[in-house]
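Subject: Structure handover

Hi,

Here is the structure I promised to pass on to you. Please have it open while you read, as my notes follow below.

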Amino acid sequence: MTKSPTLKTNVAAISIFASAGMAAAKFAVGIAIGSLALISEALHSSVDVIATVITWLVVRVSDQPADAEHHYGHGKFESLSALFVIALLYVLAGGILVESWSRLSEGAPPPTLSAIPFVVLVIDIAVNFWRARALHRTARQTRSQALAADALHFASDVLGSIAVIIGLVLTGFGFAWGDSVAAIAVAVMISILGLRLGRSTIETLLDRAPEGASEKATAAIRAVPGVVGVERVRVRMVGPTHFIDAIAKVPRTYPIDRVEAIKKSAQAAVSKALGDADLTFTAVPVARDNESVRERVMVIARNSGLAVHHVTVHDLGEKLIVSLDLEVDGDMELLAAHDIAHDLEHSIREDFGEDVEVDTHIEPLEPELPHGTDAAPGRVEEIKAALMRFAGNGAIHDIHNVRVRDTDAGEIVNFHCRAAQSLSVIKVHESVDEIERALRRAFPSIKRVISHAEPPRA
């Protein structure tokens, strides 16, 4: 989810002016009529002013991006500011309780009643209700812990003002203790608010995973194609961002670029499930239950940094026979090449058992050919005619797109051809191989022939 620093700072700035105005009005009226409950509520609102100023400053810092010293951003500044505000609330609640008890014990005179405190309190309730809703809505949109704390402050102000009204009404009916009891009610509300804020703030500072976040992240990652399983998921909140550390299992036969694509898909899936998310994805290669012998041999070779092909497997019941072609540098001495083949065979036996029979055919690694030039048109036509002649009336027909390049290593021939779509790959490959061999016998200067078989045109 996109952060909105301008929205957060604007809402916080508006709250500062509203808090200061209402706090001053309640404090002045409370002093004028001698109401401890109204003075207590004014002091509560004053703490809200301080809290809102801190919030306005903090959200400007918390939205700054990560830097060299704060790798997870600056979101925890919001939690620290919330702790400071909680401390102020408890100091205020303690002072109100002490003064209320003192007035009850000494039998202090009740406040002087008039319509003014009721008008101020009704306006205060309306303003705080509006601010609480606006702040709560903005806090949800931006996932701001500081704004959420401010919203709770103003919601408690509404309840506190209602308690003060009840206390003044009781005083008007002759219950002198009504104002002090109302002040105690305000202190209790402040304490409950501090407890609620303290719990969520401390949980954030202690890196407690948000409720349900781990399950959502796990489900999102597990649903990504290519993920075999999820070994571990850890979630922590820094400001509005979910930082997720996941270890997921992927098939060991997958190439690196495919694993990288899985990581990107996992990041997108987690962001969709949780909103603002930063995923650290560790891929653990594992062997799947349905992994074939050929795939296992290819993995063993790849892990050794070796190029193999033509891997064939024969199962004789009591014995497994594996044969393969191993490509090595053509200039390498036979002894060194044999050692490489021996080590590869040993690794295969370690994986399958000592009784497996491994036959390795060593052949030179095909060198990278130098840059070439297109052959003359007459040469291309000559080779194309030969290809069509060798194809004859066999399975291969429609020789086309013939290209010939001259290189220092020899001529390179590329061509396309067609075959019946019902033919097996083996049959097509054998037929093309036969044509390629005939071409190279007819033209010894040809170094390599590359063919591409296609089904008939639709």
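Contact means heavy atoms within 4.5 Å. Helices (H or I, at least four residues) and strands (E, at least two) are DSSP runs, numbered from the N terminus.

Before going further, some housekeeping. This is a predicted model, in which local features need pLDDT of at least 70 and side-chain atom pairs count only at pLDDT 80 or more, while totals for chains, interfaces and linings use all residues. Residues are numbered from 1 along each chain as its sequence is written, and side-chain values use heavy atoms, with hydrogens and water left out.

**The sheet**

Strands count as paired if DSSP finds at least two bridges between them.

Strand β8 (residues 397-407) runs antiparallel to β9, and seven bridges join the two. A hairpin of two residues links β8 to β9. Along this pair, His397 stands opposite Arg418 in β9, and Arg405 has Ile412 of β9 as its bridge partner.

On its other pairing, β9 goes with strand β10 (residues 446-454) in the parallel sense, over eight bridges. Here His416 stands opposite His452 in β10. The chain passes from β9 through α12 (residues 425-442) to β10, and this β-α-β crossover is right-handed; that is, with the strands pointing away from the viewer, the path from the first strand over the helix to the second runs clockwise.

How enclosed is β9 (residues 410-418)? Nine of its nine residues are buried, so the strand is largely enclosed by the rest of the structure. Buried means under 20% relative accessible area, exposed over 50%, and partly exposed in between (1.4 Å probe, protein chains only).

Asp398, in β8, has a positive phi near 55° although it is not glycine, and it is partly exposed at 35% relative accessible area. Asn401, also placed in β8, has a positive phi near 50° and counts as partly exposed at 38%.

A nonpolar core here is a set of buried Ala, Val, Leu, Ile, Met, Phe, Trp, Tyr and Cys residues joined through side-chain atoms within 4.5 Å. The largest has 26 residues, of which Leu38, Leu89, Ile96, Leu121, Val164 and Ile190 touch the most other members. Two or more residues come from each of α1 (5-33), α2 (36-62), α3 (76-106), α4 (115-142), α5 (145-172) and α6 (178-205). α6 gives the most, with seven. Beyond its neighbours within four places in sequence, Leu121 contacts Lys26, Leu38, Ser161, Val164, Ile165 and Leu168. A second, separate core of 22 residues includes Ile244, Ala248, Tyr254 and Val259.

**One more residue**

Thr171 lies in α5 and is buried, with a relative accessible area of 9%. Its side chain reaches the backbone oxygen of Gly167 at 2.9 Å, a polar contact being a pair of N or O atoms within 3.5 Å; within protein, one must be able to donate a hydrogen and the other to accept it, and residues adjacent in sequence count only if both atoms are side-chain atoms. Not counting residues up to four places away, Thr171 touches Pro110, Pro111, Leu113, Gly178 and Asp179.

Best wishes
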